[in-house]
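This report describes selected features of one protein chain, section by section. Please view the sequence and the structure together while reading.

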Amino acid sequence: MLLADLIPVAGAPQWLTVALPAMILAAGVVIWSYWSGRLGRGWTLLAGLLKWVGISLCLLCLLEPYVNRTAPRPGSNLFLVVADNSRSLQLADAGRRESRGREMQSLLADQASWLTRLGQDFDLRRYRFDSSLQPVTSFTELNLDGESSALHEALTRAVERFRGQPVAGVLVLTDGNATDVGDTQPDWKGWPPVYPVPIGHDRGLIDLSVSHVAVTQTNFEAAPVTIAASIEGRGVSGKSVGVRVLDEAGKEVERRENLTVTDGEPLVERFLLRPERHGVSFFTVQAFLKGEEALPETSNASVESTLANNRRLATVDRGGGPYRVLYVGGRPNWEFKFLRRAIDEDDEVNLVGLVRIAKREPTFKFLGRAGERTNPLFRGFGNQADEQAEQYDQPVLIRLHTEDQEELRGGFPKAAEELFRYHAVIIDDVESAFFSPDQLSLLQQFVSRRGGGLLMLGGKDSFFEGGYQRGAVGEMLPVYLERPPEGASASGYRLALTREGWLQPWVRVRTNEVDERARLSAMPEFRTLNRVDRIKPGAQVLAEVQADDGTVVPALVVQQFGRGRTAALLVGDLWRWKLRQADPAETDLDKSWRQTVRWLVSDVPGRVDVETRRVPGAAVPTVEITVRVRDKQFELLDNATVTLRVNTPDNRQIDLPLEQESAGAGRYQTTFAARVPGAYVGEVSVTGPDGSDVGRRETGWAIEPQTEEFRSLSVNRPLLENLARETEGEVIPADRLDEFVASLPNRKIPIVETKPYELWHHWQVLCLAMSCLVLEWGLRRWKGLP
């Protein structure tokens, strides 16, 4: 209300010449009649003032005074009433016979007085919302079965729908638990006033929920997957709580019981799992009170307010393979034998061997047949033309586990598309001169640009002894290659893990520290070591060896290099570990090799990489799928054909094309709106511009709208208060809706009209005048005056 609305205006100003002199005359008469002061000065002043005010009020009525009041023009302003229709309103607070939703429906009854008054002054529009905003003719259409509460999306649509029109306000009845609002508050500024009405009282609720699950993967073979589950409770202090993990078939994988959950303090339980199969799989984490794990979500037998938030799906992606690893050895040795035997047990890793069985022979010649200039070791093989057969000045190589006859036919790859087909390279006891300068440079590009892994094993032709200190490979290694000091060799070296090594799961073999220390103490001494004294900045020493003279030097050093990673295993006779084991059935070395190779290839990008991301603020759960495609040289590939096939929880298949992003080369993107809750598996297939098959990749995600809807049972008052504050509205208690509607004419309204409010035509004015005169008469009688 403006200050000008409080200033009275004379409706009959022609009577001012009569009323004003009469008021002056009345003042003079009153002063003369009380001049004697027989009542005392104070009482005289009070009695005279009362008489003069009473007479003046009667005289002012001759002017017909009124004030101009502004009020909303009936039917000219829009007012929106929006009601929450989600399942979370089916909860009943303690001490309440009806659910929150039923109480809200009684407030929104068609005959509600505040709703009737609102419809008289405004163009009233009714809406309900859950995953979307829907108009209704009556709030009896509320069924409270929505699977989500898209509060921000619903209000945004309502505001956008009436943008540019006179909206006086938005009244929204909700518990505030919005499923489309994350940790950061949305920007509500610039909206019409929003008046939230909190529904619910937060009293006596008992609830146990799985608020969050996180999946991490390591290269620790015994338990490569860790699921961390956050358990939150409300009113469950003193109760026995259990947590279990189920696989896709509903089989229980692991269980924890007799846990204690304190209100307001999340309990984090970590489960170490080893999925039975590769690719995408789903595990269910369930929290339960003792004896209630078998109850269905819809059961009323639980002491909890709801069981809808007791489960969450964890998505585990063990795909990315098969990984291809190239082993380059300078001679047949025990190391390759045990490495190959270990990797053969890993279905996701293919080890391809390139082993030199004889070095170059520039001066020595076998006694071959007359006129024969080629190496007799290759007699009997195909392609025996002189220009194609192995010459005496070339090394003799054998290829193992190749995909076809052409792979590695010319020895170590000379082109990027040949080398980049591998995920990692292992160099074992082969000198730098074995590679040409171009091949050494190609190895550096393999790590830095392709993102591959490089591991160099110790030996008499490795590291400094192999001449790698000058060149591209030496630049990549995590250690400085310097000539070891004279007399630095020892007769034996014992292996130990550093602090950083204990923190790396792939370096450890046993599942606990006690067993791991026992394993290390039982390991034999090693006798071959390429000694280095300094590591490069950013490198980490994960294992070290102690010589028999007490000297400690690095044994396993790793570092990031460009997009990839490099490692230096400076021990040259790791095979002694296997030969000297007390138990021949012990598989510690095999497990260590598998974990090391898995670490080498774990983060190496493929030609087809897939990322999934939940789209924040979407009314319907929506996933954004981004695919990055590369060619054989691992340059980003444009103009590819990318297709996504989605396998839904209801056993349907949906094919979606991915469009290339205009701003990003080699990036293709699409979105998928999930209509059915559950686990989704997506299969991405990519075809190159020339029609060739680039690759395939599997991904997965979980949609759980009910779990998100019941993530918190408390009314989200901070969100509602922030919404009201930023839109210049006000939080309205449910029992004050009538007062709120009555106050709307005094609030800021877009379209108003001015109406005169006649002050003289009200009985309150006459009563005030008569009261003044009666009080003056009573005061005189009290003091004994006539």
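## Strand pairing around β30

Two strands are taken as paired if DSSP finds at least two bridges between them. The model discussed here is predicted. In it, strand β26 (residues 641-647) pairs with strand β30 (residues 678-687) in the antiparallel sense, over seven bridges. Within this pairing, T643 stands opposite S685 of β30.

Strand β30 is also joined to strand β31 (residues 693-703), by 10 bridges, and these two strands run antiparallel. β30 and β31 make up a hairpin with five residues between them, and G691 in the turn has a positive phi of about 90°.

## Aromatic pairs

The structure holds 17 aromatic pairs. In one of them, the ring centres of Y680 and W701 are 6.0 Å apart and the planes are at 5°, so the pair is stacked. Y680 lies in strand β30 and W701 in strand β31, so the pair ties together parts that are 21 residues apart in sequence. Both residues can be assigned against the cut-off for burial, which is under 20% relative accessible area. Y680 counts as buried at 1% relative accessibility, and W701 counts as buried at 5%.

Elsewhere, one aromatic cluster is formed by F79, F122, Y195 and F740.

## The sheet with β10, β11, β13 and β14

Four strands form an open sheet in the order β11-β10-β13-β14, with antiparallel pairing. β11 (252-259) and β14 (311-317) stand at the edges with a single partner strand each, so one side of each is left without a neighbour in the sheet. From one strand to the next, the twist averages 15°.

Strand β10 (residues 241-246) is joined to β11 by five bridges, and the two run antiparallel. Across this pairing, L246 stands opposite E252 in β11.

## Salt bridges

A search of the whole structure finds 39 salt bridges. Among them is the one between R312 and E708, whose closest N and O atoms are 3.0 Å apart. This pair links distant parts of the chain, with R312 in strand β14 and E708 in helix α14 (residues 705-709), 396 residues apart. R312 is buried, with a relative accessible area of 8%, whereas E708 is partly exposed at 24%.

R594 forms a salt bridge with E345, the closest N and O atoms being 3.1 Å apart. Here too the pair links distant parts of the chain: R594 sits in helix α13 (residues 588-601) and E345 in the loop between α6 (334-343) and β16 (349-358), 249 residues apart. R594 is buried, with a relative accessible area of 7%, while E345 is exposed, with 51%. In another salt bridge, the side chains of E403 and R421 meet at 2.8 Å, N to O. E403 is in the loop between β17 (396-400) and α7 (416-419), and R421 is in the loop between α7 and β18 (424-428), 18 residues apart. E403 counts as exposed at 53% relative accessibility, and R421 is partly exposed, with a relative accessible area of 32%. Salt bridges that share partners also join R244, E252, R255, E257 and E293 into one network.

## Helix α15

In helix α15 (residues 717-726), the buried residues are L719, L720, N722, L723 and A724. Which elements do the buried residues of α15 pack against? They pack against α5 (151-161), β6 (167-174) and β7 (194-198).

At the start of α15, a side-chain oxygen of N716 comes to within 3.3 Å of the backbone nitrogen of L719. After α15 comes E728, which has a positive phi near 60°.

T670 is found in strand β29 (residues 667-673). Is T670 buried or exposed? T670 has a relative accessible area of 14%, and is therefore buried. When neighbours within four places in sequence are left aside, T670 is in contact with V623, E624, I625, L644, P657 and L658.

Note on methods
Residues numbered from 1 in each chain as written. Predicted model: local features only at pLDDT ≥ 70, side-chain atom pairs only at ≥ 80, totals over all residues. Heavy atoms only, no water. Axes fitted to C-alpha atoms, helices over the stretch in contact; angles between N-to-C directions. Buried < 20%, exposed > 50% of the residue type's maximum accessible area, 1.4 Å probe, protein only. Contact = heavy atoms within 4.5 Å. Salt bridge = Lys/Arg side-chain N within 4 Å of Asp/Glu carboxyl O. Polar contact = N/O pair within 3.5 Å; in protein donor to acceptor, adjacent residues only side chain to side chain. Phe/Tyr/Trp six-rings, centres within 6.5 Å; stacked < 30°, edge-to-face > 60°.
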